[in-house]
Amino acid sequence: MVNRSDATPSIAPYNWLMSAPETFQIPLETAEIYESRFVPALFADWAPHVVQMADLSAGQSVLDVACGTGIVARTAAGRVGPGGRVVGVDLNRAMLTVAARVCPGVELRQADVTRLPFGNGTFDAVLCQMALMFFPDPTGALREMGRVAKPGGIVVVMVPSSLDAQPAYRLLVELTARHAGPEAVAMLSAYWSAGNLDELLGTVRAAGLEVLSTRTRMGTAHFGSIGEFVAVEVESTPVRERLTDDQYETLRREADDVLHTFTTPGRRAEIPIEGHLVAAQRT
Ligand SMILES: C[S@@+](CC[C@H](N)C(=O)[O-])C[C@H]1O[C@@H](n2cnc3c(N)ncnc32)[C@H](O)[C@@H]1O
């Protein structure tokens, strides 16, 4: 039997892609784990860069779309100051419950990106970090974000680059596919599915927005060990069900070997994540 006691609870990326908006809700416990473990490990690294792309100034109004527990919203709030307005929207009630505690001064609304509950031209900047790839209709989502931006306002999206640009994740997916079959690639690929820059820019333009600037950056996700990294990625997807305990144990052992270049001397895992940032304007 595999010892699962060190397994990290799921952040459910696969569910974010597959669940119907009307029914999809994560438990509060998952949102708490997202905030306490995954925001510091991964998402907080990107928020200052998203906010920087929007070039915010004091007093402006900002919308954080698919805000999760609000890392981008609270980073933006620091920029626009007490005279500004920051609103976060997310589909998940549990994410918003946690956001309400950790984002004082940020207004929070439960909403689907396809129907943002704001009038045309409400915000100076509309930001969206690590979520576009989960929306069934990314062009429609960007059009809706553009609708609520003021004329001349900024829309900034951040998405992880394609799998082929991810040095560590690519190795993990290849290794997993060897054990769980080629279908495992799709199951582990939700995060990378919007990461082709040319296609992303095409989507932004198709939504009626004018691209102002792009930036591709290598960030780092921090995990306690390679074992924890593998557990996060594999146990949060149906891939785990395709593996026997013996196969999963072998996968973890091989991952330790294949991914050792991504560990620190203390054997913590430092996993590179490349991502694209795009700033666009509502004309
Ligand atoms: C990976 S999390 C990113 C959260 C946050 N932007 C961050 O960087 O920490 C993806 C978020 O997208 C939200 N989401 C997914 N589909 C959505 C939709 N159709 N409308 C609004 N939010 C959605 C999920 O509830 C989840 O909080």
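Colleague: How far is a backbone N or O atom of Gln 129 from a nitrogen atom of the ligand?
Modeller: This is a predicted model, where local features need pLDDT of at least 70, side-chain atom pairs count only at pLDDT 80 or more, and totals for chains, interfaces and linings use all residues. Residues are numbered from 1 along each chain as its sequence is written, and side-chain values use heavy atoms, with hydrogens and water left out. A polar contact here is a pair of N or O atoms within 3.5 Å; within protein, one must be able to donate a hydrogen and the other to accept it, and residues adjacent in sequence count only if both atoms are side-chain atoms. For Gln 129, the backbone atom and the ligand nitrogen are separated by 2.8 Å.

Colleague: How much of the ligand does the protein bury?
Modeller: Accessible areas come from the Shrake-Rupley method with a 1.4 Å probe; for residues, only the protein chains shown count as cover. Taken alone, the ligand exposes 600 Å². The protein buries 98%.

Colleague: Which residues come nearest to the ligand?
Modeller: A residue is near a molecule or strand if one of its heavy atoms lies within 4 Å of it. There are 20 residues around the ligand. The nearest are Tyr 34, Ala 66, Asp 90, Val 113 and Gln 129.

Colleague: What is the phi of Ala 66?
Modeller: Ala 66 sits in the loop between strand S1 (61–65) and helix H4 (71–80). Helices (H or I, at least four residues) and strands (E, at least two) are DSSP runs, numbered from the N terminus. Most residues other than glycine have a negative phi. Ala 66 has a positive value, near 55°.

Colleague: Is Arg 267 buried or exposed?
Modeller: Arg 267 has a positive phi too, near 70°, and its place is in the loop between helix H11 (245–258) and strand S7 (269–282). Buried means under 20% relative accessible area, exposed over 50%, and partly exposed in between (1.4 Å probe, protein chains only). With 58% relative accessibility, Arg 267 is exposed.

Colleague: How many disulfides does a search of the whole structure find?
Modeller: A disulfide is a pair of cysteine sulfur atoms within 2.5 Å. The sulfur of Cys 128 is 10 Å from the closest cysteine sulfur, in Cys 67, which is too far for a bond. The whole-structure search finds zero.

Colleague: Which cysteine has the sulfur nearest to that of Cys 103?
Modeller: Cys 103 is buried, at 2% relative accessibility. It is in no disulfide. The nearest cysteine sulfur is 7.2 Å away, in Cys 67.

Colleague: How many aromatic pairs are found?
Modeller: Rings of Phe, Tyr and Trp (its six-membered ring) pair if their centres lie within 6.5 Å; planes under 30 degrees apart count as stacked, over 60 as edge-to-face and the rest as tilted. Ring pairs link Phe 134, Tyr 169, Tyr 191, Trp 192, Phe 223 and Phe 229 into a cluster. The search of the whole structure gives seven.

Colleague: What kind of pair do Tyr 169 and Phe 229 form?
Modeller: Tyr 169 lies in helix H7 (residues 167–180) and Phe 229 in helix H10 (residues 226–235), so the pair ties together parts that are 60 residues apart in sequence. Both residues are buried. The ring centres are 4.9 Å apart and the planes are at 85°, so the pair is edge-to-face.

Colleague: Which residue lies over the face of Trp 46?
Modeller: A charge sits over a ring if NZ of Lys or CZ of Arg is within 6 Å of the ring centre and within 35 degrees of the ring normal. At 4.5 Å from the ring centre of Trp 46 is Arg 217.

Colleague: How far apart in space are Ala 99 and Glu 35?
Modeller: Ala 99 lies in helix H5 (residues 93–102) and is buried, at 0% relative accessibility. Ala 99 and Glu 35 are 64 residues apart in sequence. From C-alpha to C-alpha, they are separated by 8.6 Å.
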